[in-house]
Amino acid sequence: MPDTADLECRAISKSFDDFQAVKEVSFDVPPGTFFSILGPSGCGKTTLLRMIAGFQAPSGGDLLIKGKSMLNVPPNKRPVSMVFQHLALFPMMSIGANVGFGLRQRGVNKVDIKKQVERVLERVGLGGVADRPVDSLSGGQKQRVAIARCMVLEPDVLLLDEPLGALDLKLREHMKIELKKLQSEFNTTFVYITHDQSEALVMSDQIAVMNHGVFEQVGTARDLYYHPSTAFVAGFVGEANKYQAKVQVAGAGSLQLLTRDGVALQGVDAGEGLKEGDMTQVFVRPEAVRLSRRQEDVGNLGNTGNGTVESVLFNGANSQLILRDSATGSEMSVALPQTSEFRDLSKGDPIFFGWEPDQTRCYRQAAG
Amino acid sequence: MPDTADLECRAISKSFDDFQAVKEVSFDVPPGTFFSILGPSGCGKTTLLRMIAGFQAPSGGDLLIKGKSMLNVPPNKRPVSMVFQHLALFPMMSIGANVGFGLRQRGVNKVDIKKQVERVLERVGLGGVADRPVDSLSGGQKQRVAIARCMVLEPDVLLLDEPLGALDLKLREHMKIELKKLQSEFNTTFVYITHDQSEALVMSDQIAVMNHGVFEQVGTARDLYYHPSTAFVAGFVGEANKYQAKVQVAGAGSLQLLTRDGVALQGVDAGEGLKEGDMTQVFVRPEAVRLSRRQEDVGNLGNTGNGTVESVLFNGANSQLILRDSATGSEMSVALPQTSEFRDLSKGDPIFFGWEPDQTRCYRQAAG
Amino acid sequence: MITGIPQSSGFKWTYRAYVTLFFFYLALPLITVCVFAFNDSVFPSLPWDGFTWDWFFGTEAPRLGVFHERPILRSIGTSAFVAVWVSGLAVLVGTCNAFLFVRHDFAGKDFLYILMLLPLIIPGIILGISILVFSSSIANTLEEATGLWFDGLRPGLILVILGQFSFITTFATLVISARLQKFDTSLEEAALNLGATKWGAIRQVTLPFLLPAMIAAAVVAVLMSFENFNTTLMLVGSDAPLTVTMFDRLKQGSTPVLNAVSLLLIVVSAILGLASLLSRR
Amino acid sequence: MASDKSRLGLILLMAPLAIWLMTLIVLPHVGMFLVSLQEKVGIRQYETSLANYAVFFNEPLYWNTFARTAYMSITATVLTLLIGFPVAYYIAKLTRGRTKTTLFLMCLIPFWVSELVRTFGWMILLRETGVLSSFLQYIGVLAGPVEFLYNDAAIMTGLVYTSMLFMVVPLVTTLDSLDDSLIEAGYDLGGSSFSILREIVIPHAMPGIVSGCIVVFMLSLGNYLTPILLGGKDSLWFTGLIYDQFITRFNWELGSAFGFLLLGLSSLIVFLALKLSGQSLGKTMGR
Amino acid sequence: DTLRLLTWGGYAPEDVVAKFEAETGHTVEVTKSNNEEMVAKLRATNGGGFDLAQPSQDRIAGAQAEFGIYKPLDMSKIDTSLFIPSMLEATKGNTMVDGEVYGVPHVWGTSGLVVNTAMAGQVQDYMDLCDPSVAGKVSYRLKRPTLIGFAFSMGMDPFAAYADADAYQAILDKVEAQLIDCKSNVKTYWGGGDEIKNLLRSGEVTASMAWDTGGWQLNDDNADITFVAPKAGALGWIDTFAMPARGRADDAAYAWINFVMQPEIAAMITTAAGNFTASQGGDAGVDDALKAKYQASFPQEAIDNIKWYPAVPAGLEALEGATLDRINAAK
Ligand SMILES: Nc1ncnc2c1ncn2[C@@H]1O[C@H](COP(=O)(O)OP(=O)(O)OP(=O)(O)O)[C@@H](O)[C@H]1O
Ligand SMILES: Nc1ncnc2c1ncn2[C@@H]1O[C@H](COP(=O)(O)OP(=O)(O)OP(=O)(O)O)[C@@H](O)[C@H]1O
Ligand SMILES: NCCCCNCCCN
Ligand SMILES: [Mg+2]
Ligand SMILES: [Mg+2]
């Protein structure tokens, strides 16, 4: 990246009394990137975002925007804008007054404000609504006004704190795609936080997975999904079947394992340098598992087994099968292929399954 | 069904002033069934459920539980219990007192109440919390208490009004499976209403799709998904690409169509008796569409085309491709197969696609 | 309606009759007072001697109407003067208090909050007396020490205003706090984020949001000030507000002119009440 | 954000509150207490002693009057609650939209005029030759005029009337916040109207009930006009005694002591009521 | 200047005020009150807030000794020729503290009985109010004039005992017993002039102890109701002019005194208040009807029998107060 980053955090931290909400997090966001921070509730996402916006002072570290430290810049002087979780549109002002608010603070003259407001509203597909009250809009339209209100100021970075959280299911699906489109249209750097992995995966150029105040991994959606570098990321991003196993033989990248239930597995080291005797956590994605009614179809895969159908969670294209492994008695979830082959499976049917060793990612299990 | 149905509605209706919220709906729910009513907001689901519970008097029709008419039975005397959308746990009582409320009303003695409350709490996996205040529970646990409070009364029918609506994403996924389990454990008839199709599909034995106060279709999840009998059901349950087309040739069940954009398609009549010249709405599911980089792979399918990749919505196993059809310039969404074949597709890449005529369901388009 | 709970129609009708009766009970004394404002008699009571407008427009001595009663007109003016001051001060201080209690955490907050609520339950007479005793002793001390006069600390309008202010502020604080609590602080942060200064954010976003509550508090304050008797009685000097004047009249020689004043007050209060209700939307 | 700056802001914000409470509530009460400790021993001669308090406890007349006032006020409070609760429930739970607003507004009607005028109205109604007596004679219920004024029942009527607003408003507010679905859930689980009232509605409304009762009790206790104007020859009221000490006896010292006792004893009653109902002042009143 | 006048109802009628304002250019603010409240108010203001007050002559010396709320009058500013000399001298004597004069007379009148002669003609003395024949139809104030009236009626002389607290207490004790005994006869204790007039006029009360003016006013409405001078003697009072210690508009105050004591003005006040004034010749302009009522109520022997209030020594009120409280509380 030849450009200076739009946003750069250097070992930034935040403590509340004894509790460290954000722990020496460093990252930078190149210009024009859609950067998401994904993590479970309470992991420190909002705290981090509020430090960037200037609503909270870091306890340590530095924060630069376009290469300039922001530590002593008050929130109303920072070149960042923020879209709040509940949007925070001003209910006592018209839509136009909301969008023009920032320009008024800058002392832009009325005529220019009117022009610019109309222009940005048109860009978000809401031309001509400037005089209407905020409440006359639907949820998705409000969303767009909130973005317009920030974009009219041409911020270097736009911060978004779970802006889709309050919307209903169908609208959320729709806005995911729309947000991404707006970002590429405005070509502004977005820093987006969410606890919903599908939002992060679908929209982002880069995703940081956050847990307990630290970034566990930063990468593209595919990186995180196919090459999670920690057990937490493997479990949090996408679904997975989980086992605990002990390393029996550790070869070059490939491992032979024995699960607690006494089943032998083959897997790969997810970069942890596992050695013989290490306890590991093993992750296998539901869609990595092949199903068959005949043993020979799956016999050539590195890991195989047989079991009975426990239940079929029919959900159209995303249907899943829960099967009970005959060897261990434990449940396993498998994505049902979109072919009609398995449509007539029902509870109690015998089934064979298997998956490749390289779909079996192993992480060191913390002692105890 | 040899048994009498647990719940039976006969042409039940409800009008508010001029407005008919529920229009002569008839159905019956056999004992032990998980019966869902799925429909968009405002279609009359809650009104129907409240009539069953006795909180609203039907304007017409009859309502029977275990074969007995309930029309003149007040709500506190009906053998049904209800789990409310926001649960309606009594905040002024402990968990145990909540669960024991119904038994107390029946005049059961204290010792028995204590025993039964403890038993039912254990069955929902919450043994030993009886003395704690309601607010000390998490969302999912509250859910279970609400169910326990009803189940302790051993109702003939349990009514649930979007009980998962208030929970967050991950928890909702989890509770879907848990609710289904609880139902089969208690073996009670559940009538469940929701506007979230995935909830209905995953949990239900039978689903009624409701729209504008009428049931459009009643059937299993697979019936609805693979054989939607109306255009509304086809569009509401699962995702679909939609076209408008005119019937050119109507053969035995198979149709030749011409879309508005002038593309020829082959499809099947969804049972509407379409004739030449009829305008139709055509539905194609994203996972019915095959993709390939080479034309010959899809050439033998009944409907084919080519286009360019517009964007890849990466979402792990549920990734989608948005492509732009070269012939029409319109967008189409296609489920990305779980193989690694298409992982490196990116915007602007040329692509071929096709799908079978029997995946192309056609419905009559209302005139105008 | 909790439509879901079926009740017997007998019960429903009894319930409705009870509620109707209740409102009749509420309206009864006011209606009576209003009706007797038109009694053509020098005494505001039965028998009914016919209809007259004299108690509003009469110009001759025993039948002097409100609009020609200088002392009553003057005391209405005094009441209005007091009410404006009280409601202005109460809303001002109430707004500060609301910000203090809703936005800040500090040692002793709970204690201060209880103290703030106390004027609600201190009997008005005690409030008046304690302020009277206290201000008199201050005045006595100051006067002895300096030889000057401190009339402001003696019964009079200033003390009346302070006395009413001392408990009406609690109401104002509660009304305004309730609204401020509903205020989403992210609105203020959004304003800062869009470049507003701290005061700018409060002025452009928070205060407009609070305005309906401030108006409601002001209206309530005006009404309470106008009708206050107990506290005022102890603190009044030579300028008597309306209630005190009316009390004196009631003792000294009342004519239906009191009913006429009351009727006017009822009309004005009703209008104010409706206005505050509308502004709450 | 600079903590020095926000500390200054906090102090500035606290100043009005502090000045208000200090100069108009706390210090005056301290002052009144000090005055109450002054015993008059001669013309313009005073000594510090508890003599004024001794007068209260040694003269049965005074503490009897206090007890009577407290007893009547408690009765008025209970009556107000009993009369007002069904109305509040009706407004909060059985009406919607415009009707609700209208009925709620109508509760404020007595508040449109001063207590003086309301009491004046009751006098016109209740006196021997008043509207009520005449009406009852007219419809034949009474043979001759009957005096409804100048007795404890008249005081009670006036007190309940004056207090109603302060009971109904907090009740409506708390009942409003009771989710209808809780009541429905109660019925759904087999509850009767009575058990739901007892187990769900009343526990939920408790903060409103307590705050309404406290305000009504204190207002009744501190009322001056109603007992004076509607009461009869036996209707002593403690505030009347205080007023007399100040105004007709010029005895500020004893009056202050009485005032302080009224405050202290009534606070004690409120404190006990709060303890009994398990509520706290801040929780119930501060909403 | 603005003259802030603290006075009784009727003593500053609108027309008089208007005339005064027109003649002198001062404006007048009238506050209506009664004796106790006047003293209480002036005590609270430490003698401020008003420029001229009109307490009864017996309420000056004691209050002045205790609270110092008045200032001495500058007799040179008062036109003494306007006053009936005997009343002026008596009042000056009664309101003298440390050799300074604090009050001059204005209006005088009596308290006695107001009776509906058609229904309770037998009531001739204070004690008759306790007669069973008027049970439930009686009203009087629970104030010191009642104590004193009953004391006279019971054959004692409370004024003579003023200087001797113990003797006075003994009288009070007897009166207390009597009034407690009499309580069942009482409909209600009246508080203000309006209240008693309403009670009598409506027939709810037939016999009462009240001011003479009230009786005469009611007489206009109902010829049966009139003022009766009690056998034991009506109680005579003189309301004065006194200057609050910290009044500001002294000149306006003196101007007011000299203005209202003019005979024709005094007549206007008599018409409004119903009582005669200490103005020399002031009764000349008074309506004949009022004079006739006065004469009917007060034959010469009744006038001679009027018991004029002497100044109340400081401290007596405490004794009376306790007595009144006990009567009030008794069942
Ligand atoms: N002002 C504060 N004082 C003390 N602790 C705080 C404060 N703000 C946040 N925390 C704590 O810091 C942690 C991180 O909070 P934060 O709001 O950043 O989480 P989040 O990742 O945004 O969660 P969510 O997804 O629920 O919004 C939480 O444990 C929270 O309790
Ligand atoms: N009491 C009522 N009076 C008038 N109309 C009503 C009433 N209750 C419901 N309706 C109307 O009836 C229709 C159906 O309402 P209902 O609550 O049953 O919908 P729903 O399917 O449960 O919707 P949601 O998913 O939003 O809960 C709606 O249009 C609603 O506005
Ligand atoms: N005890 C003295 C009574 C003085 C009364 N003044 C009465 C004026 C009535 N208008
Ligand atoms: Mg957050
Ligand atoms: Mg619903």
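Predicted model: local features only at pLDDT ≥ 70, side-chain atom pairs only at ≥ 80, totals over all residues.
Is R144(B) buried or exposed, going by its relative accessibility? At 16%, R144(B) counts as buried, where buried means under 20% relative accessible area, exposed over 50% and partly exposed in between, with a 1.4 Å probe and protein chains only.

Residues are numbered from 1 along each chain as its sequence is written, chains are lettered from A and ligands numbered from 1 in the order in which they are written, and side-chain values use heavy atoms, leaving out hydrogens and water.

R144(B) forms a salt bridge with E178(B), with 2.8 Å between the closest N and O atoms; by salt bridge I mean a side-chain nitrogen of Lys or Arg within 4 Å of a carboxyl oxygen of Asp or Glu. Because E178(B) lies in helix α5 (residues 169–186) of chain B and R144(B) in helix α4 (residues 139–151) of chain B, the pair ties together parts that are 34 residues apart in sequence. Helices here are DSSP runs of H or I with at least four residues, and strands are runs of E with at least two, numbered from the N terminus. E178(B) is likewise counted as buried, at 16% relative accessibility.

In chain A, E310(A) and R324(A) meet in a salt bridge of 3.0 Å, N to O, and since E310(A) lies in strand β16 and R324(A) in strand β17, this pair joins parts 14 residues apart in sequence. R324(A) is partly exposed, at 29%.
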